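The sequence and structure come next.

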Amino acid sequence: MIHLKTKEEIELLRENNQLVSLTLAEVGKHIRPGVTTRELDAVAEEFIRSHGAVPGFLGYNGFPASLCISVNEGVVHGIPSDYVLKQGDIVSVDCGTFMKGFYGDSAYTFAVGEIPADVRQLLEVTKEALYKGVAQAKAGNRIGDISAAVQSTAEAGGFSVVRELVGHGLGRKMHEEPEVPNYGSKGRGPVLKEGMVLCIEPMINMGGRQVVFERDGWTVRTRDRKPSAHYEFAVAVGKEGADVLTDFGVIENAINN
Ligand code: MG
Ligand code: MG
């Protein structure tokens, strides 16, 4: 069943996703060659707790960290480690919070220093696919309208869409109905209603769409080991359009200054 949120509940979800955005901004300030992904995880955990929340991912189905950090061919669900970031890497950071009975969940893919032009293009197209999907999140549309917008944007850019992992509803649980695939057909799937809160999260590969689930039980990577990007917004469906609860502005201000 799909839980519709009240205005008050949407504000609590906004608070959580604002904190996620600020956490991603703080993490972004620390992303540079020489830092380990475990150090980034510690920055996030400290930041989240100091703002009165708990990390939403830590212990979720047994996940061992506060952030999912997926480098280069990592798609999602990477476990922070002693891996040392180097110039030219891309780092997908997925962050969750829990406070006041609700979850936040958003993700951003960062560049480590200068990255190749084709990888820069992957990041830009993936973010564009997210925005095109978000533009469809208005009452009366269907989930498939979001899915089709994401897929067509990614594929028009020459990239491929991961099928095995999808977006989701967000609320008192991290993963609620409905599923929000990044591929599909316009006019299909559940009708969007005011008060639905959705995580729209394209996972887009530079090469083939196939992925491998690693033996650590978590990490998902591309089969061909080409890079993959991931951006995620939490949005509330409104009559006139999406009310975006995540703020990439704070992240981009932090990394561009
Ligand atoms: Mg996420
Ligand atoms: Mg999510």
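I began with H168, which counts as buried because its relative accessibility is 4%, where buried means under 20% relative accessible area, exposed over 50% and partly exposed in between, with a 1.4 Å probe and protein chains only. E201 is buried as well, with a relative accessible area of 6%.

I noted that this is a predicted model, in which local features need pLDDT of at least 70 and side-chain atom pairs count only at pLDDT 80 or more, while totals for chains, interfaces and linings use all residues. Residues are numbered from 1 along each chain as its sequence is written, chains are lettered from A and ligands numbered from 1 in the order in which they are written, and side-chain values use heavy atoms, with hydrogens and water left out.

Next I looked up the magnesium ion (ligand 2), and found it coordinated by D105 (OD), H168 (NE2), E201 (OE) and E232 (OE) at 2.1 to 2.3 Å. Donors here are N, O and S atoms within 2.8 Å of the metal (3.2 Å for Na, K and Ca), and water is not among the atoms, so sites may look incomplete. H168 sits in strand β7 (residues 167-169) and E201 in the loop between β9 (197-200) and β10 (203-205), 33 residues apart; strands (E, at least two residues) are DSSP runs numbered from the N terminus.

Which residue coordinates both magnesium ions? I found that D105 does, and that the ions lie 3.1 Å apart. Both D105 and E232 are buried.

Methods: Helices (H or I, at least four residues) and strands (E, at least two) are DSSP runs, numbered from the N terminus.
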